[in-house]
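Okay, thanks everyone, let me put this one up on the screen.

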Amino acid sequence: MRKAALPLEQVPERVAQLCGHLGLKVTAEPGPSGDETLFPNRIVLDGPDAHWLAANKGLGLDALQFLVHEAQGEREENRQAYLDVQSFRLFRMKEVVAMAAMAAERAKTLGSYTFASLSPRERRWVHLVLSRQPGFTTESEGTGTFKALKVSRV
């Protein structure tokens, strides 16, 4: 029997609860991302121990994110909660969006540009950003979690 899914509105409380079990003093509240298509349902983690979640390139944040998505049982991108601490992920999103613009310029000049390995979330950001610009196609290449992404001029 499948457990009831955790609604988006209850995610901040569950995150604070999970962090409390780890001995971390962390609060969680919804926060704006500036682009709800690329980074929907941003939950901002704060508090005296929040910085521990961003250590080691956000591995703790990734683990907590996994637990939240499992609790939500939701697979639709716009209904899942996305955790962020110290704007760690928001900054990376803005960085990848800038890289996508640079890749579009390179592809316009050279015909194509290939990113080295990107995480699934980073590839999604590039796909979405360049889908807004006519004249480009994007394609993930390779196998595994981290894949290359090719941007081509149409």
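So, the largest pocket holds about 600 Å³ of space. By pocket I mean, on a 1 Å grid over the protein atoms alone, an open set of points where a 1.4 Å probe fits, with protein on both sides within 12 Å along at least five of seven lines, and lining residues have an atom within 4 Å of a point. Points are joined across faces, edges and corners, and the volume is the space filled by probe spheres set on them.

Quick housekeeping: this is a predicted model, so local features need pLDDT of at least 70, side-chain atom pairs count only at pLDDT 80 or more, and totals for chains, interfaces and linings use all residues. Residues are numbered from 1 along each chain as its sequence is written, and side-chain values use heavy atoms, with hydrogens and water left out.

Back to the pocket: 18 residues line it, and nearest its centre are Asp62, Arg89, Ser119, Arg121 and Glu122. α2 gives the most to that lining, seven residues.

Now, which residues have the most contacts inside the largest nonpolar core? Met93, Phe115, Val126, Leu130, Leu149 and Val151, out of 19 residues. A core here is buried Ala, Val, Leu, Ile, Met, Phe, Trp, Tyr and Cys joined through side-chain atoms within 4.5 Å, buried being under 20% relative accessible area with a 1.4 Å probe, protein chains only. The largest share, seven residues, comes from α3; helices are DSSP runs of H or I, at least four residues, numbered from the N terminus.

Apart from that core there's another, of 18 residues, including Leu6 and Val26.

Methods:
Buried means under 20% relative accessible area, exposed over 50%, partly exposed in between (1.4 Å probe, protein chains only). Helices (H or I, at least four residues) and strands (E, at least two) are DSSP runs, numbered from the N terminus.
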